[in-house]
Amino acid sequence: MYEEFLENAENFIFVEDRPEKADIIFVPGNGYPQMAENAAALYRSGFAPYILPSGRYSIVTGKFSGVLSRQDVYRGEYGTEYEFLRDVLLKNGVPGNAVLKEDQATFTYENAKFSRKVTDRAGIRVRTAILCCKTYHARRSLMYYQTVYPETQFFVCPSCVDSISRENWRDSLEGRQAVSGEISRILMQFPLML
């Protein structure tokens, strides 16, 4: 019974799709470069004409927490998650005119909500979208973006940034806490958005 529960939790939290052609690629705010690097690779492969990184900083810390991985490559002085993610995209071959701007969001729901304002202002009809997020943040990100873009089909293309994946999350306390934390946040936060 417990094994079945773990498998159901795993299947729920770790969403992953094969990328398909889309109108835009979304990158929710964070301090890891891997999601933006993934978005840049998808852009260079012709999957979408625009990328929209989103984020000011974490509502918890009240400031950009800094680059959390590959500090040797990304050494800039970044005031916001957007500034950091934009730099990652530019350094990975995405032209500046393909990068849209959202730099006010302080949590995942705002990433989605404020991104909608950006795409609406730009006149971009988002029928299909790729969502580049963290592996165990995939379900919550998808739920928020689907709430704000109910008419959009999403393809989730996550990145493993801190060694917690579908294959190993059960093997460590850190992994179990990450996944149970996501389940808890979905239960506590999502009803407030409805």
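Reader: Is Cys133 buried or exposed?
Author: Let's set the cut-offs before anything else: buried means under 20% relative accessible area, exposed means over 50%, and partly exposed is what lies in between, using a 1.4 Å probe and protein chains only. Cys133 has a relative accessible area of 2%. By that cut-off Cys133 is buried.

Reader: What kind of model is this, and how are things numbered?
Author: Residues are numbered from 1 along each chain as its sequence is written, and side-chain values use heavy atoms, with hydrogens and water left out. Local features need pLDDT of at least 70, side-chain atom pairs count only at pLDDT 80 or more, and totals for chains, interfaces and linings use all residues, because the model is predicted.

Reader: How many disulfides are there?
Author: A disulfide here is a pair of cysteine sulfur atoms within 2.5 Å. For Cys133, the nearest cysteine sulfur is that of Cys132, 7.5 Å away. The search through the whole structure gives a disulfide count of 0.

Reader: And what about Cys160: which cysteine sulfur is nearest, and how far away?
Author: Cys160 counts as partly exposed, at 41% relative accessibility. Cys160 is in no disulfide either. Its nearest cysteine sulfur belongs to Cys133, at 12 Å.

Reader: In what order do the elements run?
Author: Helices (H or I, at least four residues) and strands (E, at least two) are DSSP runs, numbered from the N terminus. You get 6 helices and 4 strands. Reading from the N terminus, the order is α-β-α-β-α-α-β-α-β-α.

Reader: Where does Arg70 sit, and what is its phi?
Author: Most residues other than glycine have a negative phi. Arg70 lies in the loop between strand E2 (51-53) and helix H3 (81-91), and is partly exposed at 37% relative accessible area. Its phi is positive, near 60°.

Reader: What share of the residues is buried?
Author: The C-alpha atoms fill a box of roughly 50 × 40 × 35 Å, taken along the principal axes. The count runs over the 194 residues of the protein. Buried residues make up 53%.
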